[in-house]
Amino acid sequence: MKPTLFTFTDGELEKFITDMGQPKFRARQIRDWLNRGAPDFASMKNIPDALRHDLDSVAQTLPLRIVKKLESSDGETTKFLLELNDGEQIECVLMRTTYGNSVCVSSQAGCAMGCKFCASTLLGLKRNLTSDEIYAQILVAQWELRRDRASDKPIRPNGDANNGDVSHIVIMGTGEPLQNTENVIGFIERANTDMGIGWRRITVSTCGIVPGIERLIEWGRPINLAISLHAPTDELRSQIMPINNRYKLSDVLDAAWRFTDLHNRQLMIEYILLGKKDENGDTVLYNATPEYAEKLSDLLRGKNCMVNLIPWNAVDERDFASPSGNAVHRFQDILIKNGIHTRIRRERGTDIGSACGQLRLNNAKK
Ligand code: SAH
């Protein structure tokens, strides 16, 4: 395996370059390209041809490479299937939105959590990602945005807030970030320092690992926290999320409120709306009944939170169905009536299989 220059310290990079008989300033130039996400040496325009060629035979740039790139038909969403140095594959998604450019990154190759509706966990957990491997995903997105700018592709949005760089990060790709907490923290610190992405523009989404939330409290950075709730009672939640047998709903929410109170932040609650097929093949509501909407309201009433209702993205291997639009709106109306902030998450990139882990899974099946 060729060494990955991105993971070198400045000192190591300088030694590597001067050992090749090159002047020191080349190391700084190369570092500059690496920080911008250059996927290969050929992209490094101010490096002489011969050196680019030599570098290519002895080293690689990032700790991952793009295997597949899919663009949604509206051009707003780009999904990347990436391969790490040991052959593991992960996904990351770039979403060009009206508030900026958001990147959804993976924190693990695979996932051990076993949630019954999710594709990411079907092949189990392979390993944790390093901070560098998580960071490299935003560099891939950053490079793609640079390509947007270089091409005629209109950059969304046209608001002044968007200068075409990555502005938001959600750690909501494959994996459970709070099973890889220290590397995730290392990644966030770096995204803040090196890319200037504000704490408040970074969201960690967890299925509810209480010690991990406590670690975030101790860490003290005012990032956003999202809890994948998906059910308002322990009984129902344990049926679809095995982690609930370990950390009860009330303990998860207690820890989450302590986090958001500390930073005076709104807690994001994720709630996938699930149905099931009955024996006639009709869809019946599962966690999306009006009764569950009332129970969810009881749990959240008076709290500073936002409920994101997520229509389930169908996964072939999973025995659920997506409820109708009417059922989704009925569920939302009950929350609204009860004074709970809520919105229905817009689906992005369904035409390119942007549901969690689908691309990786489909590739592994081949
Ligand atoms: N492990 C973390 C982050 C990854 S999952 C967590 O549980 O929060 C990111 C979000 O997508 C979670 O809310 C997860 O429950 C949801 N999700 C998983 N599979 C989905 C599917 N098929 N359709 C819609 N949302 C899904």
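Phe6, Tyr135 and Phe187 are joined into a cluster by ring pairs. Rings of Phe, Tyr and Trp (its six-membered ring) pair if their centres lie within 6.5 Å; planes under 30 degrees apart are stacked, over 60 edge-to-face, the rest tilted. The model is predicted: local features need pLDDT of at least 70, side-chain atom pairs count only at pLDDT 80 or more, and totals for chains, interfaces and linings use all residues. Residues are numbered from 1 along each chain as its sequence is written, and side-chain values use heavy atoms, with hydrogens and water left out.

By this rule there are eight aromatic pairs. One of them is edge-to-face: tyrosine 286 and phenylalanine 320, 5.4 Å centre to centre, with 65° between the planes. The pair links distant parts of the chain, 34 residues apart. Tyrosine 286 is in the loop between strand 12 (283-285) and helix 9 (290-300); phenylalanine 320 is in the loop between strand 13 (305-311) and helix 10 (325-337). Helices (H or I, at least four residues) and strands (E, at least two) are DSSP runs, numbered from the N terminus. Buried means under 20% relative accessible area, exposed over 50%, partly exposed in between (1.4 Å probe, protein chains only).

Now the ligand. It is surrounded by 19 residues, the closest being Gly175, Ser205, Ser228, His230 and Asn313. A residue counts here if one of its heavy atoms lies within 4 Å. A ligand oxygen is 3.2 Å from an N or O atom in the side chain of glutamate 270. A ligand nitrogen lies 3.2 Å from a polar side-chain atom of tryptophan 312. Strand 8 (202-206) and strand 10 (267-273) are the elements that give two or more residues to the shell.

Which backbone angle stands out at histidine 230? Its phi is positive, about 65°, although the residue is not a glycine. Most residues other than glycine have a negative phi. Histidine 230 lies in the loop between strand 9 (224-228) and helix 7 (234-240). It counts as buried because its relative accessibility is 4%.

Asparagine 264 also has a positive phi, about 55°. Its place is the loop between helix 8 (249-263) and strand 10. Asparagine 264 is exposed, at 66% relative accessible area.

Definitions and conventions. A polar contact is a pair of N or O atoms within 3.5 Å; within protein, one must be able to donate a hydrogen and the other to accept it, and residues adjacent in sequence count only if both atoms are side-chain atoms.
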